[in-house]
Amino acid sequence: MKARTKTNSIRLIAGKWRGRRLPVLDHEGLRPTTDRVRETLFNWLMHDIPGARCLDVFSGSGALGLECLSRGAEHVSFIEADRRVAAQLQSNLSLLGAEESSDLIRQSAINVLRRKPVKGFDLVFLDPPFDSTLLTQTLPLLVENGWFSENALVYVEQASKQDIEPVPDSWRVYKEGKAGYCRYTLYSV
């Protein structure tokens with residue numbers, strides 16, 4: 001099936017780019033985290049973002065990582081495999097002048113996470129396409145290969161109709177919520 005080429009937008013909620021609208025490719029499977037859910041999530045994280053190193057694993061629109069940059073994260077690494085979606089995200093990073101505080105990895109998240117990072121991340125965002133098995137594949141790779149810094153937080157977003165993905169026993173639910181078709185959980189690692 002051919003991807004649609006219409007564009008939509010996301011709005012950054014707070015920080016130095018507050019209220020800024022950025023184009024997002026209208027692409028099958030691309031589902032940016034809603035403003036309502038992002039506002040709740042970033043209220044939870046407001047004290048953890050300044051100076052943090054963040055990893056946006058299934059970036060898509062980049063809404064989560066861009067919000068972190070707007071709110072003072074030191075660095076955000078975005079992982080996005082789809083070349084058209086990644087090109088739009090790179091364009092938005094350039095538009096914001098955020099190239100020095102970010103990097104965009106244009107590969108499969110599974111392939112990237114099979115390697116060990118140079119340094120662990122303070123905040124990790126996992127929002128894969130709904131109805132996929134990507135969380136099941138991703139969670140063990142993050143743990144086994146040392147993708148977390150000490151006291152990291154991990155955000156997981158999934159369809160509310162899906163069973164909650166099992167996480168390592170050492171992870172603790174910090175906060176959780178549900179909005180419409182989506183369930184979201186913030187874990188302390």
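Let's start with the lining of the largest cavity: its largest share, four residues, comes from α3. A cavity here is a set of points on a 1 Å grid, over the protein atoms alone, where a 1.4 Å probe fits but cannot get out. Lining residues have an atom within 4 Å of a point. One caveat at once: this is a predicted model, where local features need pLDDT of at least 70 and side-chain atom pairs count only at pLDDT 80 or more, while totals for chains, interfaces and linings use all residues. Residues are numbered from 1 along each chain as its sequence is written, and side-chain values use heavy atoms, with hydrogens and water left out.

Back to the cavity. Its volume is about 40 Å³, meaning the space filled by probe spheres set on the points, which are joined across faces, edges and corners. The structure holds one cavity of 30 Å³ or more. The lining includes P23, V24, L25, V85, Q88, L89 and N92. β2 and α3 each supply at least two lining residues. Elements are DSSP runs numbered from the N terminus: helices are H or I, at least four residues, and strands are E, at least two.

Next, the largest pocket. A pocket is an open set with protein on both sides within 12 Å along at least five of seven lines. This one holds about 430 Å³. Of its 29 lining residues, the closest to its centre are L30, F58, G60, E80 and P129. L30 and G60 also line the largest cavity.

Now the cores. A nonpolar core joins buried Ala, Val, Leu, Ile, Met, Phe, Trp, Tyr and Cys residues through side-chain atoms within 4.5 Å. Buried means under 20% relative accessible area, with a 1.4 Å probe and protein chains only. The largest core has 37 residues, and L41, L45, L66 and F125 have the most contacts inside it. A second, separate core of 22 residues includes I79, I110, L126 and V156.

What does F125 touch? Its contacts, heavy atoms within 4.5 Å, include L41, F42, L45, C68 and Y155, not counting residues up to four places away in sequence.

Last, the sheet. Seven strands form an open sheet, ordered β5-β4-β3-β6-β7-β9-β8, with mixed pairing. Two strands pair if DSSP finds at least two bridges between them. β5 (102-105) and β8 (172-179) are the edges, each pairing on one side only. β8 and β9 run antiparallel over seven bridges. There, A179 stands opposite C182 in β9.

Methods: Buried means under 20% relative accessible area, exposed over 50%, partly exposed in between (1.4 Å probe, protein chains only).
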